[in-house]
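Hi everyone, thanks for coming. Let's take a look at today's chain and its aromatic rings together.

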Amino acid sequence: MKKVQVLITCVTLLLIPYLLLKASGYIGNQNEQNEIHNKLKDTVYYVLKEESYGIRFVSMEEYLVGLTAANAPISYADEMLKAQIVLMRSSIVRHADEVRREPYGNEKYVYAKEEELGLAYYDDKDMKRLWGDKYVENYNRIATLVSATKGIYVSYGNKAVEAAFFPLS
């Protein structure tokens, strides 16, 4: 009899929060999730970098490697780095979607300006100086983690969130 009571209590404790979140709209339906996934599949996100020689568009996925190098120690576990990557991707998508800049009038391509993101970024030269002989190994590790989380970002109400986080060091 006690086992049944424990089982009922456990199921209730797990079911009630889910039902409350579902009723309040915090848990989206599958159609909303598909719309979000398709949005990243159909839109190419860039970050506009102002450099000494002019401006350059960097793909979001490539930019995330430099952001991760600058904002999270390479010694951290893969899952921790993936979490940081997802948060940073969320910020880029949020900024790009808020302003909705479309170079060449093409809605498939959207970009955010680097200075709007307010995040530290390392280019290849910075990463080589930081990692030395481990540059190739560390770069490939981060690039693999960025690729493993491709298309994943945090959203609420069908919009990317401003993912508040601070650099880890």
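Let me start with a definition: a contact here means heavy atoms within 4.5 Å. Among contacts in the protein chain between residues at least 6 apart in sequence, 67% join residues at least 24 apart.

A word on the source: this is a predicted model, so local features need pLDDT of at least 70 and side-chain atom pairs count only at pLDDT 80 or more, while totals for chains, interfaces and linings use all residues. Residues are numbered from 1 along each chain as its sequence is written, and side-chain values use heavy atoms, with hydrogens and water left out.

Now the rings. Rings of Phe, Tyr and Trp (its six-membered ring) pair if their centres lie within 6.5 Å; planes under 30 degrees apart are stacked, over 60 edge-to-face, and the rest tilted. By this rule we have 4 aromatic pairs. One of them is Tyr63 with Tyr121, stacked at 4.3 Å centre to centre with 5° between the planes. Both of these tyrosines, Tyr63 and Tyr121, are buried (buried means under 20% relative accessible area, exposed over 50%, partly exposed in between, with a 1.4 Å probe and protein chains only).

Next, why does the pair of Trp131 and Tyr135 count as tilted? Their ring centres are 6.4 Å apart and the planes sit at 35°, so the pair is tilted. Trp131 is buried, at 11% relative accessible area, and Tyr135 is buried too, at 14%. Together with Tyr139, Trp131 and Tyr135 form one aromatic cluster.

Thanks, happy to chat!
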